[in-house]
Amino acid sequence: MNVNEVARLIKRYADEVKIVGTRQVFAATDKERYIEALAALRDNDLKHLTTITGVDRGDTIEIIYHIHCGESLLNLKLALPKTDLEIETVTDIFPGAILYERDLMEMLGVQVRGHPDPRRLFLPDDWPKGVYPLRKEVKK
């Protein structure tokens, strides 16, 4: 899909859609629509989740789903307030999300409900509970 096709597809599920250059689409969604958006992408044969990244923005954690769309890349972001860091797993839509969601849980403290394997990924078992290395408030 080219960027215009991706933008048209995701527009229904996003508050903001922006085409950047000839190959990238950035879109912002919310907790009520991100699962539906990702399922719509899969149902339109866009089945390659490149990665999921998380960014501490201060009062929010921004989760970005990066989806390969053939000729373009969709970056679908979801902002979560730090007072409500809980989302549903997307492993039933994109099985490859399993490791990326574990990373979100461990490094940023995002709770991923329904995750099939919530074990730690990088940190040792004796790492202090409630301390998330990629949070801005963590002193290094």
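Q: How many helices and strands are there in the protein?
A: This is a predicted model, so every value here is computed from it. From the N terminus on, the elements run α-β-β-α-β-β-β-β-α-β. That makes three helices and seven strands.

Q: Which radius of gyration does the protein have, and how does that compare with the globule rule?
A: Let's start with the overall extent: along the principal axes, the C-alpha atoms fill a box of roughly 45 × 30 × 25 Å. For 140 residues the globule rule gives 14 Å, and the protein comes close to that, so it is as compact as a globular protein of that length. The radius of gyration is 15 Å.

Q: What share of the accessible surface of the protein belongs to carbon and sulfur atoms?
A: Of the 140 residues, 44% count as buried. The accessible surface comes to about 7,800 Å². The share of this surface that belongs to carbon and sulfur atoms is 51%.

Q: Why are the buried residues of α1 on the same side of the helix, and what arc do they cover?
A: Helix α1 spans residues 3-11, and its buried residues are Val3, Val6, Ala7, Leu9 and Ile10. An α-helix has 3.6 residues a turn, so residues three or four places apart point the same way.

Q: Where does a side-chain oxygen of Asn2 reach at the start of α1?
A: Here is a detail for anyone who likes helix ends. The side-chain oxygen of Asn2 comes to within 2.9 Å of a backbone nitrogen. That nitrogen belongs to Asn4.

Q: Is Thr91 buried or exposed?
A: Thr91 is found in the loop between β6 (86-88) and α3 (97-108). Its relative accessibility is 14%, and the cut-off for burial is under 20%. Therefore Thr91 counts as buried.

Q: Which residue joins its side chain to that of Thr91 in a polar contact?
A: Leaving out residues up to four places away in sequence, Thr91 touches Ala97, Ile98, Glu101, His115 and Pro116. The polar contact between side chains has a length of 3.0 Å. The partner of Thr91 in this contact is Thr89.

Terms used: Residues are numbered from 1 along each chain as its sequence is written. This is a predicted model: local features need pLDDT of at least 70, side-chain atom pairs count only at pLDDT 80 or more; totals for chains, interfaces and linings use all residues. Side-chain values use heavy atoms; hydrogens and water are left out. Buried means under 20% relative accessible area, exposed over 50%, partly exposed in between (1.4 Å probe, protein chains only). Helices (H or I, at least four residues) and strands (E, at least two) are DSSP runs, numbered from the N terminus. A polar contact is a pair of N or O atoms within 3.5 Å; within protein, one must be able to donate a hydrogen and the other to accept it, and residues adjacent in sequence count only if both atoms are side-chain atoms. The radius of gyration is taken over C-alpha atoms; the globule rule is 2.2 Å times the number of residues to the power 0.38. Accessible areas come from the Shrake-Rupley method with a 1.4 Å probe; for residues, only the protein chains shown count as cover. Contact means heavy atoms within 4.5 Å.
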